[in-house]
Amino acid sequence: MTTNIGIHRGRRRHGGITRSQFPVRPATPAAPVRPVGPPPAATIDTRLVHRTDRRDVLPTGITKLDDTHYTVSTQWPADHRRFTDAAGNFLPSLVIESIRQAVILVAHDGLGVPLDHKFLVSSAHHRVDPSRLLASHAPARLDLDVSVHDLKHRRGIPSSLTARVVLRVNGEIIGTGGGDCSVMNAEVYRRLRRGLTDTAWSQALSAPLPAPVPPHSVGRTHACDVALAPGDGTGPWLLRADVSNELMFDHPNDHLPAMVLLDAAQQAAHTLFGARPFLPSSCEVSCSRYVEFDAPCTVRTHLTEEDGRGYVLSVTGHQGGEQVFEILFHEGTRAACPR
């Protein structure tokens, strides 16, 4: 039931050092990995949004308007270590995760996609009023209006679709978003992944983990939440993921999920913007290949000023000599350009 963002094309290639050569941080006691906050107001089967713990389920209900239009009632957590910064402001990843869960719920509950099918999402995006992510103005409840476009079927089951999403709070539009995805059964996915579905997770559990950068430098408080490690000379950072952290990995996976890539991108942004809040008005996630566990992935940033209108921050990941993902943030602010 994993939602896989990033489509693998061609043969996997590995370059540089292997994870067994990464510097290993001595074992330390694990930090608490569960968020706090009230439970959802209504019960949604965790399987319908591809989560394991009910406290991570954001939708509280779904209403069918017609065969391609649905409204998903959603509750944002009062406090969630993964989706908030030190000041309690929500991060862009919460919006993307809300859209992800809403679209998956519509696909299963509304469109009839079986629970054992896999979702391969090549892109996801949102544009939101950044003031609505501030702790003082963030909504507790909102509605996500999901419309399905370019729907294709194979043997009576959806095989690909484009989703467009409108975020509303008490009827007021505060943002939009969406994404493109393909759907396939478990056997087709297993063949696509060439056996990695059986081996990748066990290898990730046993592989040494590179030491993180200091948590405070990327806006985190626990080392297990840090998705960046010091670079090895080929880029500013190495991507890292603590697979024992249930907030990042609440079920086994055969590659690094796109939400972990988004964690890394947000943390990279924090290093550039420093103490002042990073409040992008939009986020675009594009994946061209899976990010594998068994090869290093370097993370780079490129910041561009838009003639006084704000900044565009590009965060890219490179593995095996190829770019495997890019995450774009746009921040419409006239603050001084960070170093």
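Reader: How far apart are the closest N and O atoms of Lys64 and Asp67?

Author: This is a predicted model, where local features need pLDDT of at least 70, side-chain atom pairs count only at pLDDT 80 or more, and totals for chains, interfaces and linings use all residues. Residues are numbered from 1 along each chain as its sequence is written, and side-chain values use heavy atoms, with hydrogens and water left out. Lys64 and Asp67 form a salt bridge, that is, a side-chain nitrogen of Lys or Arg within 4 Å of a carboxyl oxygen of Asp or Glu. The closest N and O atoms of this pair are separated by 3.1 Å.

Reader: Is Asp67 buried or exposed?

Author: Buried means under 20% relative accessible area, exposed over 50%, and partly exposed in between (1.4 Å probe, protein chains only). Asp67 has a relative accessible area of 55%, so Asp67 is exposed.

Reader: Which parts does the pair Asp145 and Arg168 tie together?

Author: The side chains of Asp145 and Arg168 meet in a salt bridge, at 2.4 Å from N to O. Strands (E, at least two residues) and helices (H or I, at least four) are DSSP runs, numbered from the N terminus. The pair ties together parts 23 residues apart in sequence, because Asp145 lies in strand β5 (residues 141-154) and Arg168 in strand β6 (residues 157-169).

Reader: Which residues are linked with Arg51 in a network of salt bridges?

Author: The structure holds 15 salt bridges. In one network, Arg51 is linked with Asp56 and Asp250.

Reader: At what angle do the axes of α1 and α4 cross?

Author: Axes are lines fitted to C-alpha atoms, for helices over the stretch in contact, and angles run from 0 to 180 degrees between N-to-C directions. The axes of α1 (residues 92-110) and α4 (residues 258-273) come within 10 Å of each other, crossing at roughly 165°. That makes the two helices roughly antiparallel (under 35 degrees is roughly parallel, over 145 roughly antiparallel, 65 to 115 roughly perpendicular, the rest oblique). The angle asked for is roughly 165°.

Reader: Which residues of α4 make the contact with α1?

Author: Contact means heavy atoms within 4.5 Å. On the α1 side, the contact is made by Pro92, Ser93, Ile96 and Glu97. On the α4 side, the residues are Met259, Leu262 and Gln266.

Reader: How many residues does the protein chain have, and what share count as buried?

Author: The protein chain holds four helices and 13 strands. Among its 339 residues, the buried share is 53%.
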